[in-house]
Amino acid sequence: MNTHPWLPNLSRVQDMLKEIGIEELDEIFNDVPKDLVIRDGLKVGKEKPLSEDEIRGRLSQLSESNAKLRYPPFLGAGAYPHSVPSAVKFILSRSEFYTAYTPYQPEVNQGLLQALFEYQSLMAELLDMDVVNSSHYDWGGSLAEAVLMGYRVNGRKKVLVPESINPYHEEVVRTWVDGREIEIKKIPLADDGKLNLDFLSKVDPSEISSIYVQQPNFFGVIESEIEYVTDWARKNGVISIIGVTPLSLGLLKSPGELGFDIAVGDGQELGIPLNFGGPYSGILATRMDMKLVRQMPGRIVGMTEDVNKKRGFTLVLQTREQFARREKATSNITTNEALIALANAVYLSLLGKSGIRELAKEIYKRSHYAAREMERAELGKLKWRSDFFEEFTFVFKSNYNRIFQALLDRGIHGGLKLTENEALFCVTEVHTREAIDEAIRIMKEVS
């Protein structure tokens with residue numbers, strides 16, 4: 001076999017095959033369906049090795065196909081444009097953090113463990129919860145893990161989720177619970193876009209493992225009677241789960257204050273820019289109930305003392321299959337989002353309690369300004385008259401596809417299309433009055 005320009009070790013393939021007693025390479029891939037096997041070779045790049053300058057030129061050429069936006073997008077739905085302080089990126093670029101991977105001998109890596117402990121502590125204070133792990137992949141993954149935690153605690157096989165759940169999170173949960181025959185039931189919405197809590201009187205609580213609510217919900221609506229959910233769950237032995245956008249907690253009651261068993265969310269809002277969908281970090285926190293804490297997947301960093309009575313950090317309640325739990329593990333995470341969690345910790349440290357509150361107020365004011373001005377321009381109306389944070393659902397008088405394209409043609413990315421004339425708009429601190437007013441002018445021109 002000839003040497004391959006990108007895979008030089010292929011010249012040793014025959015030696016390796018001989019060592020394991022196989023004559024032909026194809027024997028290794030017998031389980032791969034024949035119609036999926038590529039016989040003619042991959043058409044990669046220019047079909048030859050490229051120099052660094054050629055690669056840079058090709059990447060620059062490809063980047064020209066991206067839309068050129070003049071303002072941050074008015075697009076949310078789980079990934080939100082926010083200002084990221086320069087200090088966050090600077091600290092993350094330090095090699096001791098940037099190159100850190102799964103600590104298989106964690107106690108050796110005291111610096112990383114301390115950083116993750118700080119993340120847990122800051123997140124616990126923000127959520128007003130007792131125990132936080134050192135992050136999952138994203139919100140959807142954390143929610144799925146929370147649902148499985150509830151199932152392991154009480155063994156029931158029905159889960160209640162709101163009709164206003166983020167549909168992408170719902171897909172993840174349905175995928176994860178499919179093999180366990182867990183049934184997902186939807187809580188309908190009332191006329192004001194909030195949960196129809198009368199629905200809870202029509203279900204048999206003895207069949208319900210957990211109940212999930214999102215605050216604000218996928219459509220931006222703020223749930224106002226959310227304590228009713230935790231009261232109902234507590235009386236009936238149901239695990240209560242809440243999903244929150246972290247920055248909304250600058251204005252809204254925390255999961256701990258509301259009495260939830262488990263809180264989930266995404267750290268993307270806390271110092272992570274929009275990166276074509278990732279990487280993000282899934283938040284998972286519980287109250288101090290060992291029935292819940294013992295079922296908590298992922299890593300938890302604890303603070304302790306070493307033999308010399310000096311402060312040290314270590315992984316506690318290690319439930320990964322790669323340690324000692326094997327088939328009884330509650331987690332099979334084989335990598336981590338430690339770098340993103342560190343970014344969250346840096347961001348929270350920079351803002352502090354008062355900074356988060358002021359930022360949340362600014363987001364609230366700007367999003368309400370945009371919604372109010374869109375109605376004044378007679379573009380349509382808000383779908384619900386309920387209060388909202390960061391996002392709102394707008395019903396246009398005309399077809400939204402034409403409006404969206406007109407915005408995009410002028411370098412502005414509109415909100416997420418929901419129906420032919422409905423869209424979900426996201427407005428945060430990065431959207432200036434100039435950007436909002438110009439978007440409204442363009443929408444009015446084509447309406």
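**Cavities and helix contacts**

Mentor: In this predicted model, there are five cavities of 30 Å³ or more. The largest cavity holds about 70 Å³ of space. Its lining is made up of 15 residues, and those nearest the centre of the cavity are Tyr80, Pro216, Asn217, Thr245 and Glu391. Sorted by class, the lining of the largest cavity comprises six nonpolar, seven polar and two charged residues.

The second largest cavity contains about 50 Å³ of space. One part of its lining is Phe219, Gly220 and Val221; another includes Leu382, Lys383, Trp384, Ser386 and Phe388. The lining also includes Glu391, Phe392 and Thr393. Strand β11, which spans residues 391–396, supplies the largest share of this lining, with three residues. The class division for the second largest cavity is six nonpolar, three polar and two charged residues.

Helix α6 (residues 139–154) and helix α7 (residues 167–177) have axes that come within 8 Å and cross at roughly 40°. Because of that angle, α6 counts as oblique to α7. The crossing in which α6 passes α7 is right-handed. On the α6 side, the contact is made by Trp139, Gly140, Gly141, Leu143, Ala144, Glu145, Val147 and Leu148; on the α7 side, by His169, Val172, Val173, Trp176 and Val177. The contact of α6 with α7 has nine nonpolar, three polar and one charged residues.

The second pair is helix α12 (residues 400–409) with helix α13 (residues 433–446), whose axes come within 9 Å and cross at roughly 130°. That angle likewise makes α12 oblique to α13. Here too the crossing, of α12 past α13, is right-handed. From α12, the contact draws on Arg402, Ile403, Ala406 and Leu407, and from α13 on Ala439, Ile442, Met443 and Val446. By class, the residues in the contact of α12 with α13 are seven nonpolar, no polar and one charged.

Notes. Residues are numbered from 1 along each chain as its sequence is written. This is a predicted model: local features need pLDDT of at least 70, side-chain atom pairs count only at pLDDT 80 or more; totals for chains, interfaces and linings use all residues. Side-chain values use heavy atoms; hydrogens and water are left out. Axes are lines fitted to C-alpha atoms, for helices over the stretch in contact, and angles run from 0 to 180 degrees between N-to-C directions. Helices (H or I, at least four residues) and strands (E, at least two) are DSSP runs, numbered from the N terminus. Angles under 35 degrees count as roughly parallel, over 145 as roughly antiparallel, 65 to 115 as roughly perpendicular and the rest as oblique. A crossing is left-handed if the near helix is turned anticlockwise from the far one by less than a right angle, and right-handed if clockwise. Contact means heavy atoms within 4.5 Å. Ala, Val, Leu, Ile, Met, Phe, Trp, Tyr, Cys and Pro count as nonpolar, Asp, Glu, Lys and Arg as charged, and the others, Gly among them, as polar. On a 1 Å grid over the protein atoms alone, a cavity is a set of points where a 1.4 Å probe fits but cannot get out, and a pocket is an open set with protein on both sides within 12 Å along at least five of seven lines; lining residues have an atom within 4 Å of a point. Grid points are joined across faces, edges and corners, and a volume is the space filled by probe spheres set on the points.
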